Amino acid sequence: MTKSTIKVRFAPSPTGYLHLGSARTALFNWLYARHTNGKLILRIEDTDKIRSKKEFLDEILDDLKWLGIDWDEKPIFQSKRTSIYKKYASQLLDKRLAYKEGDAIIFKVEKSRNIKLRDIVHGEIDFNTDEIKDQVLIKSDGFPAYNFACAVDDYEMGITHVIRGADHISNTPKQLLFYEALGLNPPKFAHMPLMMGKDGAKLSKRHGAVAIVEYKKEGFLPEALSNYLILLGWSPGKNREIIGLKEAIKLFKIEGLGNVQARFDVDKLRWINGEYIKNKDTKVLTNLLEDRVAKNANRNYLEKVVDLYKTRFRTLDEFTTLTRAFFTDSFPVDTEAREKLEKYLKDDKTKKALAGFKADLEKLENFNEKNIEKICRDVAEKHKVKPAAIIHSTRVAISGKTVGAGLFEMMELLGKKKVLERLEKHL
RNA sequence: GACCCCAUCGUCCAGUGGUUUAGGACACCAGAUUUUCGAUCUGGUAACACGGGUUCGAAUCCCGUUGGGGUCGCCA
């Protein structure tokens, strides 16, 4: 292992849950650190005394771990470093580059200067200091203002690359001014375009869930979410869509970060999630599903249901609604399914065939897929109806749905007793 | 409003002056599987925002327009 000098950071403020956009930023920082064999440091920006909450921090840390992100060294808390910021602020005071205003310390911005930012994703960006007002360094409450704390910490922590959202582009010249006044070398910057909602507007609750924890609850797999997120603004090449974090680390290049705003598309996320679900080992998948079905469900039985439905659900939540009939007798019957069944029952021949099917099933001793299918086809032929008529109406009767796995497999799994009960009840 | 960023199918991504009648994926549509389907397989529709340049040649370079986004707090 070669030593790397790369050091990046992810700096959440614990004033809310981990957001999709922040998670993506964290992911790219992590990818870069791991690819370069460098370090990722967590910096907790808790300088908003009122809005910062411990429970938010815990949740953010949990979500990061859940996504597969780990970090090096203990997280740094800005709230515990006030003396450091004050030290730097005093330096500027001494140099007469800053002034006091009450208890606050303000940085004097020199007018009509050009500040050049060399950004890894955007290239050179020029700013004129005429657009920048004097900047608060230390707030009246003694805590540092964001831009100052950020600049001081990135230097103090030895951060080499700042990978963050494009919403910070206009903050950067201010930070650059601080570095210059302090006589310090700034880190390199990479501003990634923000993630937008499906309609191109700012991603918010009205587009659906924005907190990582909500996706976790809905039953998205962490590897699917992180896979989707890194595809927004970066490409592993060769038109690859499904890519694990391990491989992404190998392929990651910071120069490959896109400069275009991407829209969050939950449909694609759902597709990726489905891909991960169907490729997952049934036992492992069952572990994830266990607490989403009736607690008394038999493990072996559960595994069989999972196996049967593996390719048909895209979130863990969907499994629950799709397979309800396997875990309770009081499952709902979809309106569409109800109508379909009623239509079949209006036909006299079909009705008689179903009665015959039921009667033959009662006599069947070895209630397995093959035998059931044979009975079904024999009965259909005898009553001159299409097997489909029996199959479709039976599926509705035993599951309340028009969609599902193969009927005969479903029947075998449910067992003779339940199948007959349901046929009796619904036909 | 000022300053800044951005602009390839509906969406994401590929494409970095000629090998492109612009490729892949999601979504959508159609066909198949006649045991359904939101499963599976096959196929299809669909884009270089617009206008000027530069060049033998532009999706690729430059300028402008339009459109989207961001920032202008003692929030971060």
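The crossing of helices α7 and α9 is right-handed. A crossing counts as right-handed if the near helix is turned clockwise from the far one by less than a right angle, and left-handed if anticlockwise. This is a predicted model: local features need pLDDT of at least 70, side-chain atom pairs count only at pLDDT 80 or more, and totals for chains, interfaces and linings use all residues. Residues are numbered from 1 along each chain as its sequence is written, while chains are lettered from A and ligands numbered from 1 in the order in which they are written.

**Helix packing.** Helix α7 covers residues 222–231 and packs against α9 at an angle of about 135°, with the axes 9 Å apart. The two helices are therefore oblique to each other. Oblique is what remains after roughly parallel (under 35 degrees), roughly antiparallel (over 145) and roughly perpendicular (65 to 115). Helices here are DSSP runs of H or I with at least four residues; strands are runs of E with at least two.

**RNA surface.** Helix α9 (266–278) also supplies at least two residues of the surface near RNA strand B. So do β7 (123–128), β12 (262–263), α16 (387–399) and α17 (407–414). Helix α16 gives the largest share, five residues. By class, the surface has 25 nonpolar, 19 polar and 19 charged residues.

**Parallel sheet.** Strands β1, β2 and β3 form an open sheet in that order, with parallel pairing. Its edge strands are β1 (7–10) and β3, each pairing on one side only. Strand β2 spans residues 39–44 and pairs with β3 over two bridges. Two strands pair if DSSP finds at least two bridges between them. Residue I44 stands opposite F77 in β3.

| Residue | Phi | Loop |
|---|---|---|
| S112 | about 50° | between β5 (104–107) and β6 (114–119) |

Are they buried or exposed? E73 counts as exposed because it has 11 C-beta neighbours inside 10 Å. S112 counts as exposed because it has 7.

Technical notes: Buried ≥ 20, exposed ≤ 12 C-beta atoms within 10 Å, placed from the backbone. Nonpolar A, V, L, I, M, F, W, Y, C, P; charged D, E, K, R; others polar. Axes fitted to C-alpha atoms, helices over the stretch in contact; angles between N-to-C directions.
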